[in-house]
Amino acid sequence: MPLIAFLDRSESNLQASTDKLAASLGLFAGQAAATHSTGTSSFAQTVSPHSARRWRPQQTARGTWALFAGWLDNADELAGTLGLPAESDNALIYGMAVDRWGDDADRRATGCYATITKGTA
């Protein structure tokens with residue numbers, strides 16, 4: 001299971017903090033975590049061969065960012081309810097669920113996952 005982390009800092013040296021975050025997560029994975037930064041926020045995730053394909057956070061139309069690790073057993077059902085294609089990334093499905101249902105998104109999502117969201121919800 002990948003490890004995920006989020007950092008939100010409005011400082012002049014966000015990259016140095018992001019590098020430290022990636023290195024810290026990497027202590028558990030044997031290599032530095034991959035990172036993605038936007039504005040004053042950085043997301044990090046340890047990457048394995050199984051998670052390398054799509055680890056980047058997804059942003060919804062309402063501006064919510066979601067980083068997702070794991071799987072949704074009912075991804076197709078949630079995607080349909082949210083008006084998304086069935087092949088949508090789990091991070092986008094979860095972010096849209098948070099946009100629509102707020103904290104109740106976890107009551108509707110079935111699976112084994114950890115997520116970090118940031119945004120308007």
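This report walks through a predicted model of one protein chain, from its overall layout down to a few individual residues.

Local features are reported at pLDDT of at least 70 and side-chain atom pairs only at pLDDT 80 or more, while totals for chains, interfaces and linings use all residues. Residues are numbered from 1 along each chain as its sequence is written, and side-chain values use heavy atoms, with hydrogens and water left out.

**Layout**

The protein chain has four helices and six strands; these are DSSP runs numbered from the N terminus, H or I with at least four residues for helices and E with at least two for strands. Going along the sequence, the pattern reads β-α-β-β-β-β-α-α-α-β. Of the 121 residues, 41% count as buried, where buried is under 20% relative accessible area, exposed is over 50% and partly exposed is in between (1.4 Å probe, protein chains only). Looking at contacts (heavy atoms within 4.5 Å), 51% of those between residues at least 6 apart in sequence join residues at least 24 apart.

**The β1-β3-β2 sheet**

Let's start with the open sheet of three strands in the order β1-β3-β2, which is antiparallel. Strands count as paired if DSSP finds at least two bridges between them. The edges belong to β1 (4-8) and β2, each with a single partner strand, so one side of each has no neighbour in the sheet. On average, neighbouring strands here are turned by 15° against each other, direction ignored. β1 and strand β3 (residues 41-45) run antiparallel and are joined by five bridges, with D8 standing opposite S41 in β3. Helix α1 (residues 14-26) lies across β1, β2 and β3 at about 160° to β1. Angles like this run from 0 to 180 degrees between N-to-C directions, using axes fitted to C-alpha atoms (for helices, over the stretch in contact).

T38 sits in strand β2 (residues 34-38) and is partly exposed, at 26% relative accessibility. Leaving out residues up to four places away in sequence, T38 touches F43 and W65. T38 is also 30 residues from D8 in sequence, with the two C-alpha atoms 9.7 Å apart in space.

**The β4-β5-β6 sheet**

The other three strands make an open antiparallel sheet in the order β4-β5-β6. This time β4 and β6 are at the edges with a single partner strand each, so one side of each is left without a neighbour in the sheet. Here are the bridge partners that can be named:

| Residue | Bridge partner | Strand of the partner |
|---|---|---|
| Q58 | A66 | β5 |
| Q59 | W65 | β5 |
| A69 | A114 | β6 |

In strand β5 (residues 65-72), six of the eight residues are buried. α3 lies across β4, β5 and β6, running at about 115° to β5.

β4 and β5 form a hairpin with five residues between them, and G63 in the turn has a positive phi of about 100°. T64 belongs to the loop between these two strands. Is T64 buried or exposed? T64 is buried, with a relative accessible area of 1%. Its side chain makes a polar contact with the side chain of D99 at 2.4 Å. A polar contact is a pair of N or O atoms within 3.5 Å; within protein, one must be able to donate a hydrogen and the other to accept it, and residues adjacent in sequence count only if both atoms are side-chain atoms.

**Cores**

A nonpolar core is a set of buried Ala, Val, Leu, Ile, Met, Phe, Trp, Tyr and Cys residues joined through side-chain atoms within 4.5 Å. The largest one has 16 residues, of which L72, L78, L82, L84 and I93 touch the most other members. β5, α2 (75-82) and α3 (90-101) each supply at least two residues of this core, and α3 gives the most, with seven. L78 touches L72, I93, W101, R108 and A109, not counting residues up to four places away in sequence. There is also a second, separate core of eight residues, including A5, L7, A33 and A44.

**One salt bridge**

How many salt bridges are there? The count is one, taking a side-chain nitrogen of Lys or Arg within 4 Å of a carboxyl oxygen of Asp or Glu. R107 pairs with D104, the closest N and O atoms being 3.4 Å apart. R107 is exposed at 73% relative accessible area, while D104 is partly exposed at 38%.
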